[in-house]
Amino acid sequence: MLYLNIIIAGLLTGAVYGLMALGLSVIFGVIRIVNFAHGEMMVVGMYAAYLIAVNTGLDPVAALPLVTAGLFLLGYALQRGLINRYIARPEHEQFLLLLAIATIITASLLMGFGPDARSVPLDYAYDSFQLGPLLLDKVRVLAAVGAVLGVVALWGFFRLTRTGKAIRACADNQVGAQVVGLDIKRLYAVTFGLGAACVGAAGCLMLLLIDVQPYIATDYTLLAFIIVILGGLGSMPGALLGGALVGVTEALSGFAVDPSLKSAFSFALLILVLLVRPQGLLGRA
Amino acid sequence: MKHRLNRRQFGLGVAATGAIVVAPGPIRAVQAATPIKIGSLLPRSGYEALIGQGCQRSVEVAKKLLPDMGYAFEIIDADTESKPEVARTQAEKLIREGANILVGAFDSGQTFAIAQVAEQNGVPFVINIGSDPAITEQGYKFVFRNFPTSIMLGTNGLSRFNDLFKATGATPKTAVLMHVNDTFGQSMLKGINALMPKLNLPFEIVETIAYDPQAKDLSIEVAKAKAAKADIHMVVTRLNDAILMTREMVKQRYEPMGVISPGSPGMYQTQFLKVLGKYAEYAITNVPWLDPRQQFAQTFEAAFKKAYPDEICDIDAGFTFEGILICADAHKRAGSTKAEALVEALKATNIKDRVMLGGAIAFNEKGQNVNLPSAGVQNRNGKPTVVLPAENAELKPVFPVPGWSRRG
């Protein structure tokens with residue numbers, strides 16, 4: 001029963017990881033650009049939710065639509081104004097551009113907020129649900145539910161809306177999409193905006209779980225990469241599966257072996273998957 | 001032909017001799033009047049920023065309080081960014097900028113780096129806080145530490161456990177030890193493991209759990225600790241992790257007889273008390289603390305409270321203040337800013353009017369002050385309060401402590 005508690009806690013955390021990584025997968029799947037500023041965008045989302053909470057008293061979950069919209073606009077503007085010029089350029093130039101954006105974001109956050117860790121005081125921060133022998137952290141459950149709803153909303157967008165279908169067409173066949181008259185530049189900007197919105201939503205939910213400070217961004221960029229590579233770069237269900245796997249691996253290895261080795265086991269899993277299935281568990285060969 | 005000394009030459013000779021004899025006085029007086037430049041190194045950013053900035057507040061109080069007592073100094077502040085490599089370069093920079101003496105740096109890893117720089121450059125270094133025993137075992141001539149080593153912290157801190165059990169009549173049989181996995185945590189762990197058999201403590205450590213000092217989530221570690229079903233929860237923490245750990249303990253309804261630190265930061269600090277509120281109550285830390293009976297401690301605490309009414313004047317504040325005091329005192333007695341004179345003055349330090357509990361500040365042949373006992377400090381009514389030893393206690397200790405749901 002103890003192990004069941006651990007696995008469920010891992011899955012709940014993994015759901016939020018999955019939403020975070022989903023944005024990275026969406027961007028790469030369509031635009032074929034690897035967003036090395038992904039963790040930084042999540043931290044921007046966290047700070048946005050923090051500011052709203054501190055100034056208006058609004059819970060980060062309630063602030064989620066606002067933060068998501070804000071990050072969408074930021075991502076859209078970034079893609080339209082800057083990243084679009086690098087799509088046809090060599091990959092190392094794309095890498096340098098996004099690394100520069102990441103550095104600027106971190107430095108700006110450091111200047112604006114300082115290095116101190118900040119958190120939002122929540123009335124339910126110490127609550128937990130008891131379901132028989134299971135003890136579930138209320139905050140973690142809320143974050144996971146939010147993450148799952150976010151994923152469902154994104155899935156619905158891609159499946160049911162005209163723009164979503166147009167974006168999938170771009171991803172499948174860019175030339176064909178242009179031939180039928182789709183505005184590729186606008187669709188790329190919408191996609192990047194969606195990726196940023198995803199990670200902004202993940203930031204709001206992550207603020208429920210951890211304190212925010214500028215220096216955590218790099219860790220989460222790395223984590224997002226591990227998850228999408230595990231699941232398959234460009235695969236939405238793969239991002240979720242990767243998130244769940246990392247969440248559970250960290251939880252189980254930390255409990256059963258040694259908490260200091262949590263990350264080591266996640267990386268070991270990544271190496272194993274790369275050896276056996278280099279395209280990721282649900283990626284296309 | 002023999003040269004005969006005339007009266008004029010004799011007079012000039014006497015005047016010259018007199019000048020040579022008397023000169024060190026005025027020269028010393030000039031040098032003593034010349035303020036000493038103290039290079040202060042603290043982790044004011046990075047993961048130790050909260051504690052580093054807390055120490056910095058004490059430096060600011062020292063800048064105002066000590067000159068009124070006749071000390072002449074100027075402090076050059078530097079930020080180690082919570083990284084040993086930055087601590088090293090900042091120490092070198094301070095020396096280039098003319099610092100005559102260095103003080104710092106709270107963290108053992110960073111302190112070690114600075115000690116090496118100080119020794120290589122022949123600049124005295126007074127350690128305010130930094131407990132790795134190895135720092136004063138290197139044979140350094142220029143390094144002086146006014147803080148207990150982890151062995152001293154462990155010995156003095158663990159001894160207080162027996163005092164607690166005796167005072168309350170409650171004796172645990174088992175303990176789980178959670179410790180931060182950095183230089184400080186590792187040296188505390190070594191100290192605890194070495195001392196446990198020697199101190200006849202009534203409990204056995206059934207599980208030891210190490211965690212990353214920069215961890216953002218300690219849910220797994222706390223789950224593992226809870227699964228050990230030990231009577232008491234022993235911790236060696238820093239500040240952010242102490243907050244994370246306690247939150248998880250509340251969420252997971254993990255209620256040991258008490259949470260006790262044998263000597264580490266975190267649970268007595270302002271931010272811990274502010275963020276956790278009622279859940280911070282009853283946590284016990286066995287650490288050196290300010291001596292409420294010392295007049296100087298009262299003066300310092302009053303000045304600190306005036307400058308920072310919302311902050312707690314704690315062990316970090318006390319030792320940081322004493323670090324500056326030691327530098328200024330050495331300069332005053334040496335009458336010089338030269339390194340050799342300062343080192344001799346530091347060796348002869350004997351400060352009776354001090355802030356922290358214990359005898360006079362003095363250093364042994366290794367540069368270590370050994371007069372640093374620990375008090376039992378329990379969070380009560382939102383304030384760290386001395387509960388042991390009984391002769392210094394402000395309140396009686398509470399142990400076992402009330403469960404989370406029974407806190408007011």
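Student: Which strand is joined to β1 (residues 36–42) of chain B by four bridges?

Tutor: The model is predicted, so local features need pLDDT of at least 70 and side-chain atom pairs pLDDT 80 or more, while totals for chains, interfaces and linings use all residues. Residues are numbered from 1 along each chain as its sequence is written, with chains lettered from A and ligands numbered from 1 in the order in which they are written. Strands (E, at least two residues) and helices (H or I, at least four) are DSSP runs numbered from the N terminus, and two strands pair if DSSP finds at least two bridges between them. The partner, running parallel to β1(B), is β3 of chain B, residues 101–104.

Student: Which residue of β3(B) stands opposite B:I38?

Tutor: β1(B) and β3(B) run parallel. Opposite B:I38 stands B:I101.

Student: Which strands stand at the edges of the sheet in chain B?

Tutor: The sheet is open, has five strands and pairs in parallel, in the order β2-β1-β3-β4-β5 of chain B. An edge strand has a single partner, so one side of it is left without a neighbour in the sheet. The edge strands are β2 (73–79) and β5 (143–145) of chain B.

Student: At what angle does α3(B) run to β1(B)?

Tutor: Axes are lines fitted to C-alpha atoms, for helices over the stretch in contact (C-beta atoms, placed from the backbone, within 7 Å), and angles run from 0 to 180 degrees between N-to-C directions. α3(B) lies across β1 and β2 of chain B, and its angle to β1(B) is about 160°.

Student: What does helix α6 of chain B reach from its first C-alpha to its last?

Tutor: α6(B) covers residues 150–168, which is 19 residues.

Student: What phi does the residue after α6(B) have?

Tutor: That residue is B:G169. Its phi is positive, near 75°.

Student: Which element gives the most residues to the side of chain B that touches chain A?

Tutor: The contact takes 23 residues from chain B and 20 residues from chain A. On the side of chain B, the elements that give two or more residues are α3 (49–65), β7 (204–211), α8 (219–227) and α9 (239–251). The most, six residues, come from α8(B).

How values were computed: The expected span of a helix is 1.5 Å times one less than its number of residues. Two residues are in contact if their C-beta atoms, placed from the backbone, lie within 7 Å.
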